[in-house]
Amino acid sequence: MARRPLVMGNWKLNGSKAFTRELIAGLKSELKGVEDCDVAIAPPVMYLAEAESALAGSAIVLGAQNVDVNVQGAFTGDISTAMLKDFGAKYIIIGHSERRTYHKESDEFIAKKFAALKEAGLVPVLCIGESEAENEAGKTEEVCARQIDAVINALGVEAFNGAVIAYEPIWAIGTGKSATPAQAQAVHAFIRAHIAAKSQAVADQVIIQYGGSVNDANAAELFTQPDIDGALVGGASLKAPAFAAIVKAAAQAKA
Ligand code: PGA
């Protein structure tokens with residue numbers, strides 16, 4: 001089954017109002033006429049309003065880097081699904097390894113965020129992936145299965161209909177040390193098979209992005225792999241030419 005690729009930029013804790021306007025202007029001009037790839041950006045929530053107006057008239061979709069499980073009330077510092085929707089955000093990253101590490105987010109808590117997003121009609125981008133130590137101990141598949149099963153156990157496999165998984169080996173994030181295309185493909189195939197064991201139909205449509213030091217030089221080869229449906233891009237998403245080159249590589253490889 002042909003899956004439409006999705007390339008998403010995760011700006012992390014970077015940017016300003018001016019940066020948001022300039023980067024989006026650059027992306028709009030670089031990506032003119034590129035149609036065979038879905039494109040999303042996740043700026044810091046502070047800049048969603050700036051981004052929403054800068055994106056007017058563009059096919060680039062807005063996303064966010066996190067969301068809370070609560071809809072409203074006395075939850076100081078949190079951001080709800082409704083607030084994200086208010087700015088037109090659609091693809092919402094949850095379970096990023098940086099949040100799992102720095103904010104002690106558990107698999108069960110992340111499954112609750114997944115549920116909140118589905119309930120709101122937003123698209124969860126569920127990040128999973130093993131640490132370097134887990135990789136060296138041969139635990140990659142075990143870790144990925146556990147992180148996916150937390151969602152399946154809470155919500156059923158059908159929750160992955162219309163959802164996105166980002167396989168991001170922690171040792172490859174921000175290190176310049178991307179997984180090789182063959183390494184990444186092997187894990188992506190495992191993830192898809194793991195879901196297919198519960199539902200082939202769900203597995204066939206779920207978008208599985210690769211993330212971890214994707215750049216304009218290594219993207220094309222990663223996208224030749226059959227189970228790599230796009231990328232979640234950190235560092236390289238902060239420069240319009242590099243991010244646009246990754247989008248174009250996906251559009252070309254998957255056309
Ligand atoms: P990176 O980050 O592309 O800078 O490695 C990817 C991510 O953390 O989503």
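**View 1. Helix α5 and its buried residues.** D107, I110, A111, K113, F114, A116, L117 and A120 are the buried residues of α5, where buried means under 20% relative accessible area, exposed means over 50%, and partly exposed lies in between (1.4 Å probe, protein chains only). What you see here is a predicted model, in which local features need pLDDT of at least 70 and side-chain atom pairs count only at pLDDT 80 or more, while totals for chains, interfaces and linings use all residues. Residues are numbered from 1 along each chain as its sequence is written, and side-chain values use heavy atoms, with hydrogens and water left out. Helices (H or I, at least four residues) and strands (E, at least two) are DSSP runs, numbered from the N terminus. Helix α5 covers residues 107–120, and its 14 residues should span 20 Å at 1.5 Å a residue; the end C-alpha atoms are 20 Å apart, which agrees. The expected span of a helix is 1.5 Å times one less than its number of residues. The cover over the buried residues of α5 includes α3 (81–86), β4 (89–94), α4 (97–102), β5 (123–128) and α7 (140–155). Just after α5 comes G121, with a positive phi of about 75°.

**View 2. D107 and its two arginine partners.** Now zoom in on D107, a residue of helix α5. With a relative accessible area of 12%, D107 is buried. Which side chains make polar contacts with that of D107? The side chain of R100 is one, joined to D107 by a polar contact of 2.7 Å, and the side chain of R146 is another, also at 2.7 Å. A polar contact is a pair of N or O atoms within 3.5 Å; within protein, one must be able to donate a hydrogen and the other to accept it, and residues adjacent in sequence count only if both atoms are side-chain atoms. Leaving aside residues up to four places away in sequence, D107 touches R100, R146, Q147 and A150; contact here means heavy atoms within 4.5 Å.

View 3. An α-helix has 3.6 residues a turn, so residues three or four places apart point the same way.

View 4. The 15 residues of α11 reach 21 Å from first C-alpha to last, close to the 21 Å expected at 1.5 Å a residue. Buried residues in α11 are A240, A242, F243, A244, I246, V247, A249, A250 and A251. Their cover includes β1 (6–10), α1, β2, α10 (219–223) and β8 (230–233). In strand β2 you will find V39. Is V39 buried or exposed? At 9% relative accessibility, V39 counts as buried. Not counting residues up to four places away in sequence, V39 touches L6, V7, L31, A59, I60, V61, F243 and V247.

View 5. How many residues surround the ligand? There are 13, and the closest are K12, H96, E168, G174 and S213; a residue is near a molecule if one of its heavy atoms lies within 4 Å of it. An oxygen atom of the ligand lies 2.7 Å from an N or O atom in the side chain of H96, and the side chain of E168 has an N or O atom 2.7 Å from a ligand oxygen atom. For the side chain of N10, the distance from an N or O atom to an oxygen atom of the ligand is 3.4 Å. The protein covers 95% of the 280 Å² of accessible area that the ligand has on its own; such areas come from the Shrake-Rupley method with a 1.4 Å probe, and for residues, only the protein chains shown count as cover.

**View 6. Two lysines with a positive phi.** Most residues other than glycine have a negative phi. K12 is not a glycine, yet its phi is positive, about 55°. K12 is found in the loop between β1 and α1, and at 22% relative accessibility it counts as partly exposed. K104 has a positive phi of about 55° too, although it is not a glycine. K104 has its place in the loop between α4 and α5 and is exposed, with a relative accessible area of 69%.
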